[in-house]
Structure formats: C-alpha cells, structure tokens
Amino acid sequence: MDKSYRDLFFGEAQEYLREINRALVKLEKEPADLESMNIIFRLTHTLKGMAATMGYKELAEFAHQLENAFDKFRSGKIDFNLEVMDVIFESIDAFAALVDDFRENRPFSIDTALYVSKIEKIIARENKGKVIEVKKIEEDIKIDIGLIDKFKEEGCEVLRVAVVLAKDCFMKGVRAFLVLERSRKMGTVVKSFPGEAELKEEEFDYSFEFILATRESREAVQKELFKIIEIEKVDISIFDLTGLDKFEKKVKTNVPYLKKIQSMRIPVERLDKIMNLMGELAIAKSRLVQTMQAKDYVALEETGYIFERLVPGLQDELLKLRLLPISYILDNFPRVVRDLSRSEGKEIDLKIIGSEIELDRVILDDIGDPLIHIIRNSVDHGIELPDERIKSGKPRHGKISIKVSREKGHIILEIADDGKGIDFDKVVKRALSKNLIKLEETINIDSAKIFDILAAPGFSTKEEVTELSGRGVGLDVVKNTIESLGGRVELESELGKGTKFVLTLPLTLAIIKAMLVSVGEQIYAIPLMNIRETVKINKNDIKLVKDLEVIRIRDEVIPVIRLSKELNIKSFKDASAAISVVIVEGRIKNIGFVVDNVLSEQDIVVKPLSSFIKKVKGITGATILGDGGVALILDVASIR
Amino acid sequence: MGTKKRILIVDDALFMRNLLRDSLVRSGFEICGEASNALEGVEKFKELKPDLVTLDIVMPKMEEIDGISAVKEIINLDPGAKVIVISALAERKLVQQALIYGAKDFIAKPFTCEKLLGVVRKVLGE
C-alpha cells in the first residue's frame, strides 16, 4: 500500500479515536444521549472499513468486534454505569494502542481477546437486566495476598482453576456449587469469581474461576473435578501474583493521553491562496528579469514593491498551514480529567473556552504534557474531596477551567481551579527546611516567588507523593518547557479559593522578531520578545561587585555578561570606550549582554540546528540573513 | 468388569422408576431394588448395600424422613455411599443441601438417557 495512504489512515484513525473519546465522555455524563452512542458506533464502523482496506487484519477484526459490541449497547438497555464505561474506555484505549503498533510496525502490545471478552461479559450480564457487582479476580485477590502466602508456607499449592460448564447444563448455579464443594474436599477455596453468592444465584455465564489452595497435584484436582458431569473444561494453572502485576501494568501503561501530531489536514482554500500567491510571484519574477534586462530602474523599483507585498503574504499563508486549533490537545482533556478524578475519588467538571484558537503545531506538540501536569496538580492538590468541599461551603463538584485567548502575538492559556489554593506559609516553611530559599527572601513573598519555589526541582508539599503528580518533578519541567518555547508561566493563588496558572505562548515558532547584534565577526539574533531595551554605556560604567560585572540603569543594578567571553569569540571592541548592552528580561532578574554592535531589528525564520550541534549551550537555532549569511539565535534562557 | 454394578432407585413416581430402570438395565446395570418413599429407601439401602443410589429429592415425608433427610441418613450409614440426587429445576436449595450432606452429584429433570448414564458412570468411577 502506498505510503501516502498509510499516513492518511493513521492521521484519520487518530482523529476518529479522539472523536470517539469525546463522545464517550459525553455519554458518561448523559447516558440517555443516544447520539453519542451512534457516533461511537459509526466511527468504529468507519475505522473497521479503513483498517480492512489497509489490510490490517487484526485491527479490522478488533474494530469489528467492538462494532458488534457497540451495536448491542446501542440497541440494548444497557445501564452505562461507571464500570461499563471503564470497560468501553479501556477497549478504545486498547484499540488506539493497536493502531500505534501498526504504525510503528512492531509486535502487538495488547491482547484484543481480553477486551472483547470483557465487553461480551458486560453485554451478557447487562442484557439480563441485572447489574451485578463483578470485581476482577485480580482486585479481590490483593486483599487475600497474606492468606495466600500463608497457604504457601504450609506447603499448599495455590491454583487458579477455571471451569467451563456444558451449555446444556441445568441448574448451573448448583453445578458450580458442587464444583466448589468437591474442591473443598481437596483443600481451601480462597475465593471464587464471581463470588459464591452470585454463583448460587446463577449470575454468571457458563464459566467461573476460583482460587484453590491444596496439597493435591494439579492433575488430581483436574481428575476429581471431571468426575462431575456437565463440565466442559477445567483449566488449572499455578496462581501467580507476579503475572497479575504484569497484567495490570499492561493495562495501565498503554494509555498515553496525548499523541504527537503525525499528519494534519489542510483546507483546500488555504492551498488555493498559496497557489495564487505563488502564481503572482512567478509573474513578478519574469517582470523582474524583464526590467533588469531593460535596465528600467523605475520599473525595477515597482517590481521590488510587488515582491515586498507578495512575499510576506506567502509567508503568512504558509505559516497558517502550521497552525492547528488548540482543541487538538484540549479535546483529550475531558478524558484526562475524568480518569484522574475517578482514581482520586473526586468530582470535577472541566470547562474549556476558546479551543478553536489556533497555535503552531510545534508548540501544540510541546505544551500537551505541561498542561496535563498542571491539570494533574489541580486534581491532585487543588480540588478537595466532595465531603471536604461541602464542609467548606463549596459545591460538591470541583471546577477546572481552561481558557484560551489571543493577545497581540501571544496566546494566553489560563488553567484555573476552585480548589483549596496554595498555602504560601506552608510552601515557605518547607522551602526553608529544604534550604531552597534563604530566610531574608521570605519577606515580601508573592505568588511569583511561590511559583519559583514550587518549580524548584525536588519540591512537593503533599506529605506522601501520589501516583498522580509524580515525584516532585513537574512544575520545573512545566516551566522549562514553556520557557524553551519562548513563553512564560505565572501563578496566581488564593488560599481556600483556588489556583490559576497563566501560560503565555508565542503564536508561532517559525518566524520571530529578533534583534541582530554582532560580536567579533559573528552575527547573532536575540529574540525581541526577550529584550527590554538596548543601551549605550561608557566602559567605566561597568562596576565590579564581588567579581560580578554590573551596570546601573535608572537605579537598577543589572549584571552584565560579555557575549564574547561567554561564547568564546574574539571581540573587536574589547578596548573601546563606548559599549552596547542589550538588556534581556528575565522573570527574576534582568541581564545585560555586552555586544560589539546592535545592527537591526527584523523578522527571522527560525531553522532548527542539526542534531550534531543541537546541544551547544546558548544557541537555539539559526537563521539565514538577507545577504545569505547565517546568524545564530541566542537562547537567552540558557545563558542567564 | 466382572459383576454388574447394583443400583437402588428411590422415587415416589412409578413413571420415573420405570424410566430409570429401563434406561439403566439397557446399559448393563443391575437394579437391585426400588423404593417409593424416603423411609423405604433408607431401609433398602441398609439391607441391599447397593453400589449406587438414585434418589428423588422431593418425596412425601414418611415418619419424619423426606428426600433430603434420606440423603443424610444414607451418608451417615456409609460415608462412602454414592448417592445421585434427582430433582426438578426449581429445587436449587434442596439440591445444594443434599450436596452438603454428601450426595455425589445431581441430575435435573428433564434429563436425557445419555446424561443419566453419564452421571451414573462418572459417580461409579467408570
């Protein structure tokens, strides 16, 4: 199959899965919403057709089974309780994992049969009109680990026995009971699945399992159980807890919430615009040749204007191609919040505003994880448990809101919760005890300072580290990621009221405004976003404070760094009296960079560096200048 | 196998006794006795010492002995006794009780001839 079809398939599959997830979250909130179920069914059906066309047999087969199941959900009177929803969510995740396996051409990471059987069980059960508490045998067994160890110490073998009864068997409940009774003659039945009460009430299909601690051999147990009639199959295996761990891990780890954007769709309209501009550009080019041949300088100047109009237009249109609505990321979040709040026992509503706003694809790819981290922080540390909330006079449901807005060349992302807020005193105390700050710094503490503390590596205020928010790493990663994109993170928090993170991001990374400066023979570009001002000073204005060179501007003491020294280049102007300083804004401190000359301000196209020089300190990329020369772009954050 | 296995049928319905006897005899078992109530069943068990007993779980009480207590009695007399309980579908609790007392297996009415022979052979260990 052609590679372009392949890309198309995976791009679309990703899109459909996202839509399915969205519909599922909606369905869970409004179980009566048949439309959501229809969407899920229809998309699964489409996925099946696509997978079959691509020749992905296993994928098509799985989709087919899911489709069947969803069809039954659609027609049957299924109660979409949490447990049912969990199974559906898990299956969709498994399907997504399988899609990934196909994309990466790697062996399958999931066992589709497991999910299919789970769904079938639910359908079989739900269709009877009964809702029975079914616990995974794995979960139940956890409680009994101590018991199982005890049996092992006593020299018993602990077996997991799976029994399938004949389909024509009458009174299967009693039959199951007989199997258990007979097993008890050989040892101890630790646990059965479903539980014995359910078995007795015939609330199971024809198979059940139990854990048997016995001194008999597996063969003996099997032989004895086969003495009972109407038993079709008896599978006995050593009950293995390590195996269980693996099983659970597998289920858990194959769910990355966010996927890198692999391909994107472009509206035909945008392509047409670009084609038009290109056409005009081609005409302008031939006009340029003509006027040059004719040496008609007036016409040449006019032609220059035409280029000046066309090229930025083309640039703009091409840039827009890289823009994607932020919903690409945010659409995943209802699901993230659902899963996280469930595992934390909290009730949280997520509100998203402005998800249609567009952002550069590269930025979108990078902000997903930081956003998830902030959301996790809100779920884990911010929003209180329902009871706590009611006690403090808040509505039972916590609220998290994500608001996206555009402001000049920036995108502002506000993530706010109405949780308990950050206890500044507690943070400060802990920071002191961990020697993260000095005592004199605790005067005039504000939310910016608090954020710095929280983002310091290895800081966590919650007594025990939860699975959710990681191990104290997190906010520092959030901060670094956003800053490396040329953005900023700010924190606002009020105790008892809630916490708000404000992320400011550039619209795009591809083209930035920059100040060109020279140091020795080299030209460097400093992103304008980072620059506060440029000043000319006298050599004598630089003073030494504890081996640090500083200058004083309007009563502000600013440390200066000589770029020639920092980057190890020979400066032409070391000895001269007049010195140019570019003052760069840091969130904590401003820094002055001493350069030879400040050249000009212009739009530059950011080109990534090849991997072999990517890690050079102080440089983030390069750009090609008007005269064909290359200027390196300074990474201000890493130098200061 | 040298000798035919001897079976005692305990059932209050003549129809059932005949059905059971015909099916079992045709398959090479010996019906050593029949009883039409629980009390008689226990007496015959003591007297005949059969290899296997089929016992209807629902029978009228005779001197405080019904189907379920007959199972208990028989197992008390011989813990190794092989009792197959025959019951109708709705009698789950009774059958469970019988199994707790030590009945080896059960068969629910209506049953096919194969099923009957299957359970009898399995309980006899054939």
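Predicted model: local features only at pLDDT ≥ 70, side-chain atom pairs only at ≥ 80, totals over all residues.

A residue counts as buried when its relative accessible area is under 20%, as exposed when that area is over 50%, and as partly exposed in between.

Chain B has five helices and five strands. If you follow this chain from the N terminus, the elements come in the order β-α-β-α-β-α-β-α-β-α. Among the contacts in chain B between residues at least 6 apart in sequence, 63% join residues at least 24 apart.

Now turn to chain A. Here the secondary structure comprises 22 helices and 23 strands. Of the 640 residues in chain A, 47% are buried. For contacts in chain A with a separation of 6 or more, residues 24 or more positions apart account for 69%. The accessible surface of chain A is about 33100 Å², and carbon and sulfur atoms hold 53% of that.

A helix pair in chain A is our next stop. Helix α15 (residues 333–344) of chain A packs with helix α16 (residues 361–382) of chain A at an angle of about 35°, and their axes are 10 Å apart. The crossing of α15(A) past α16(A) is right-handed. On the α15(A) side, the contact is made by F333(A), V336(A), V337(A), L340(A), S341(A) and E344(A), while α16(A) brings G368(A), L371(A), I372(A), I375(A), R376(A), V379(A) and D380(A).

Charged side chains deserve a tour of their own. Side chains of opposite charge can pair when their charged atoms come close. Over all chains, a search of the whole structure finds 40 salt bridges. One of them joins the side chains of E224(A) and K227(A), with an N to O distance of 3.3 Å. E224(A) counts as partly exposed because its relative accessibility is 22%. K227(A), at 35% relative accessibility, is partly exposed as well.

Is the next pair, E384(A) and R389(A), buried or exposed? Both E384(A) and R389(A) are buried. Their side chains meet in a salt bridge at 2.9 Å, N to O.

A further salt bridge connects the side chains of E556(A) and R532(A), at 3.0 Å from N to O. This pair links distant parts of the chain, since E556(A) sits in strand β17 (residues 556–562) of chain A and R532(A) in strand β14 (residues 531–538) of chain A, 24 residues apart. With a relative accessible area of 27%, E556(A) is partly exposed, and R532(A) is partly exposed with 28%. Elsewhere, salt bridges that share partners gather E28(A), D86(A), D93(A), R335(A), R338(A), D339(A) and R342(A) into one network.

Strand β17 of chain A also holds V560(A). This valine counts as buried because its relative accessibility is 7%. Which residues surround V560(A), leaving aside its neighbours within four places in sequence? V560(A) is in contact with I542(A), E549(A), V550(A), I551(A), V581(A), G592(A) and V594(A). As for L548(A), it lies 12 residues from V560(A) in sequence, with 7.9 Å between the two C-alpha atoms.

Finally, take a look at the backbone. Most residues other than glycine have a negative phi. N105(A) has a positive phi of about 55° although it is not a glycine. You will find N105(A) in the loop between α4 (82–104) and α5 (112–127) of chain A. N105(A) counts as exposed because its relative accessibility is 63%.

E230(A), another non-glycine residue, has a positive phi of about 60°. Its place is the loop between α10 (218–226) and β4 (231–238) of chain A.

Conventions:
Residues numbered from 1 in each chain as written. Chains lettered and ligands numbered in written order. Heavy atoms only, no water. Axes fitted to C-alpha atoms, helices over the stretch in contact; angles between N-to-C directions. Helix = DSSP H or I, 4+ residues; strand = E, 2+ residues; numbered from the N terminus. Left-handed = near helix turned anticlockwise from the far one by under 90°. Contact = heavy atoms within 4.5 Å. Buried < 20%, exposed > 50% of the residue type's maximum accessible area, 1.4 Å probe, protein only. Areas by Shrake-Rupley, 256 points an atom, 1.4 Å probe, with all protein chains shown as cover. Salt bridge = Lys/Arg side-chain N within 4 Å of Asp/Glu carboxyl O.
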